[in-house]
Amino acid sequence: MNWGSWQNFLAMGGYGLYVWGSYAVTLIVLVAEIVALITRRRGVIEHLAKYYAARRRNHETEA
Amino acid sequence: MSKSGRFSWFYFSSPQSFYPLAGTLQPWFAALAVILCAVGLYISFFVAPTDAQQGESYRIIFIHVPAAWMSMFLYLVMGFWSGVGLVFNTRLSSMVATALAPTGALFTFIALWTGALWGKPTWGTWWVWDARLTSELILLFLYIGFMALQAAIDDQRRADKAGAVLALVGVINVPIIYFSVKWWSTLHQGASVSMTGAPTMAKTMLLGMLIMALGFWMYSIAATLARVRCVILERERHTDWVAAEIGAQT
């Protein structure tokens, strides 16, 4: 498939809005999931670190 | 590997031993996903020819069909692990089911979105309430319902059980989606790939679609593994090994 020019490639034979609208939203959604997963992992580690620190403090005050 | 030194599937059914395995495998599946999607996209846009009937609008097929396949396949996998968790009371199975749901919902959304953008130029409408589209929308609601139900119940075991029942009942929707184009008259075209009939697509079109499907599959595994690791840490926080793991990470 030879598109000839960037204009032709982006135009997608007049269906550019539909084709690129599909691919763009797919990309955005997948990237959003990846970012959400990275953020979630950081959040879980941060939250649990605080949770264990609090638990340790409680043990120390009890003893 | 069990204590006796032999490989055992039961060994990896414990969250503690599955957590590092998932961490080791995850980057490989992510890398495979990137490679397959890059090759798939190249074929989709630079190798596959223009469609004789639909022109260039058909190129949406390279994400639409793989996303629709993944939406149904992931639901079946989620139903399977929910069922295993329900019957054998294995915690890891339920965690995997929980981790699959968001990625499944996401591919369902992509299938619906790209379907609407493909429907407009081909049928002249974004949406019709026909069997294929409606049952796929119900699939999205099933995924969302599963996640909402699990999130709404505080007791983890009860949440797993309730979610598993919902997931299993919902499995009936998957064959309905798949065969809807045969059972009812619909605007939607028939199956893109048939195991029995003669091939209806150009070979390069089919190849692009299959490679994209493999790419989405590998992506789903990578995303699910990453998510199940978070779920394991959250749910097993009372154990010493998670405390040690967090200690090593911070």
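In this predicted model, helices H2(B) and H5 (residues 156–170) of chain B pack at an angle of about 135°, with their axes 9 Å apart.

Residues are numbered from 1 along each chain as its sequence is written, while chains are lettered from A and ligands numbered from 1 in the order in which they are written. Because the model is predicted, local features need pLDDT of at least 70 and side-chain atom pairs count only at pLDDT 80 or more, whereas totals for chains, interfaces and linings use all residues.

**The H2(B)–H5(B) pair**

- H2(B) passes H5(B) in a left-handed crossing (the near helix is turned anticlockwise from the far one by less than a right angle; clockwise would be right-handed).
- Axes here are lines fitted to C-alpha atoms, for helices over the stretch in contact, and angles run from 0 to 180 degrees between N-to-C directions.
- From H2(B), the contact uses B:Met78, B:Gly79, B:Ser82, B:Gly83, B:Gly85 and B:Leu86; H5(B) brings B:Asp160, B:Lys161, B:Gly163, B:Ala164, B:Ala167 and B:Leu168. Two residues are in contact if their C-beta atoms, placed from the backbone, lie within 7 Å.
- By type, the residues of this contact are five nonpolar, five polar and two charged. Ala, Val, Leu, Ile, Met, Phe, Trp, Tyr, Cys and Pro count as nonpolar, Asp, Glu, Lys and Arg as charged, and the others, Gly among them, as polar.

**Chain A on its own**

- Chain A has two helices and zero strands (DSSP runs numbered from the N terminus: H or I of at least four residues for helices, E of at least two for strands).
- With a radius of gyration of 25 Å, well over the 11 Å that the globule rule gives for 63 residues, chain A is more spread out than a compact globule. The radius is taken over C-alpha atoms, and the rule is 2.2 Å times the number of residues to the power 0.38.
- The C-alpha trace of chain A spans about 75 × 15 × 15 Å along its principal axes.
- Of the 63 residues in chain A, 14% are buried (20 or more other C-beta atoms within 10 Å of a residue's own; 12 or fewer is exposed, and in between is partly exposed, with C-beta atoms placed from the backbone).

**Where chains A and B meet**

- Chain B puts 34 residues into the contact, and chain A 23 residues.
- On the side of chain B that touches chain A, H3(B) gives the most, with 10 residues.
- That side of chain B divides into 21 nonpolar, seven polar and six charged residues.
- The axes of H2(A) (residues 16–62) and H8(B) come within 10 Å and cross at roughly 115°; the two helices are therefore roughly perpendicular to each other.
- This crossing, too, is left-handed.
- A:Ile45, A:Leu48, A:Ala49 and A:Tyr52 of H2(A) make the contact with B:Ala243, B:Ile246 and B:Gln249 of H8(B). Six of these residues are nonpolar, one is polar and none is charged.

**Two loop residues with positive phi**

- A:Met12 sits in the loop between H1 (6–11) and H2 of chain A, and its phi is near 50°. A:Met12 is buried, with 20 other C-beta atoms within 10 Å.
- B:Asn89 lies in the loop between H2 (61–88) and H3 of chain B, with phi near 60°. B:Asn89 is exposed, with 12 other C-beta atoms within 10 Å.

How values were computed:
Angles under 35 degrees count as roughly parallel, over 145 as roughly antiparallel, 65 to 115 as roughly perpendicular and the rest as oblique.
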